[in-house]
Amino acid sequence: MTGLGLLVRREFESGGVAIRKGWWRLLTRAGRVRVHGARLTLLTSHGVEIDSELLPRVRATAPWYAPSGFVRLVMAGRTYWLRLRPEHARDAVEAAMAWRRS
């Protein structure tokens, strides 16, 4: 199947994520980010949904000017900053952006 040029859609989930709306407003220090199916979902530590959006409508980047482990998400015009473990930041961006390349 890999010879057909099909892109495998990636799933991703990480806990202990600090989620900020914009740069300053902290929503949770121990939230969760989940990429499952065709949707990216931000959750609090109690499992309450903060925001959710279809992956083709999400822009995810790990800007050079942000500290290691920070990911910038733009979902329907709303900007969120996530602080993940540095080794998970790249995986989160790749999982979110895999849908754009398909």
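Predicted model: local features only at pLDDT ≥ 70, side-chain atom pairs only at ≥ 80, totals over all residues.
Two strands count as paired if DSSP finds at least two bridges between them.

**Overall architecture**

The chain contains one helix and seven strands. Read from the N terminus, its elements follow the order β-β-β-β-β-β-β-α. Of its 102 residues, 39% count as buried. Among contacts between residues at least 6 apart in sequence, 38% join residues at least 24 apart.

Two of the pairings can be followed at the level of residues. Strands β2 and β3 run antiparallel and are joined by five bridges; here arginine 34 has threonine 41, in β3, as its bridge partner. Strands β3 and β4 likewise pair in the antiparallel sense, over five bridges, and arginine 39 has leucine 54, in β4, as its bridge partner.

The hairpin of β3 and β4 has five residues between the strands, and glycine 47 in this hairpin takes a positive phi near 85°. Threonine 44 is also found in the loop between β3 and β4. Its relative accessible area is 17%, so threonine 44 is buried, the cut-off being under 20%. Leaving out residues up to four places away in sequence, threonine 44 touches Thr28, Ala30, Gly31, Arg32 and Ile50.

**The helix and the core**

Helix α1 covers residues 86-97, 12 residues in total, and reaches 18 Å from its first C-alpha to its last, close to the 16 Å expected at 1.5 Å a residue.

In soluble globular proteins, nonpolar side chains tend to be buried together. The largest nonpolar core here has 22 residues, of which Val33, Leu40, Leu42, Leu73, Leu82 and Leu84 touch the most other members. Two or more residues each come from β1, β2, β3, β5, β6, β7 (78-83) and α1. The largest share, six residues, is that of α1.

Leucine 42 shows what such a position looks like. Not counting residues up to four places away in sequence, leucine 42 touches Ile19, Arg32, Val33, Val48, Glu49, Ile50, Asp51, Leu73, Met75, Tyr80 and Leu82.

**Aromatic residues and partly exposed positions**

There are five aromatic pairs by the ring-centre rule. The rings of tryptophan 64 and tyrosine 65 have centres 5.7 Å apart and planes at 90°, so this pair is edge-to-face. Both tryptophan 64 and tyrosine 65 are exposed. Ring pairs link Trp23, Trp64, Tyr65, Phe70 and Trp81 into a cluster.

Tryptophan 23, a member of that cluster, lies in the loop between β1 and β2. Apart from its neighbours within four places in sequence, tryptophan 23 is in contact with Pro67, Phe70 and Trp81. Leucine 26 lies in strand β2. With neighbours within four places in sequence again set aside, leucine 26 is in contact with Ala18, Ile19 and Arg20.

Tryptophan 23 and leucine 26 both count as partly exposed. The table sets out, for each of these residues, its accessibility and its C-alpha separation from a residue elsewhere in the sequence.

| Residue | Relative accessibility | Other residue | Separation in sequence | C-alpha to C-alpha distance |
|---|---|---|---|---|
| Tryptophan 23 | 36% | Threonine 79 | 56 residues | 8.4 Å |
| Leucine 26 | 32% | Tryptophan 81 | 55 residues | 9.2 Å |

Conventions:
Residues numbered from 1 in each chain as written. Heavy atoms only, no water. Helix = DSSP H or I, 4+ residues; strand = E, 2+ residues; numbered from the N terminus. Expected span 1.5 Å × (residues − 1). Core = buried A, V, L, I, M, F, W, Y, C linked by side-chain atoms within 4.5 Å. Buried < 20%, exposed > 50% of the residue type's maximum accessible area, 1.4 Å probe, protein only. Contact = heavy atoms within 4.5 Å. Phe/Tyr/Trp six-rings, centres within 6.5 Å; stacked < 30°, edge-to-face > 60°.
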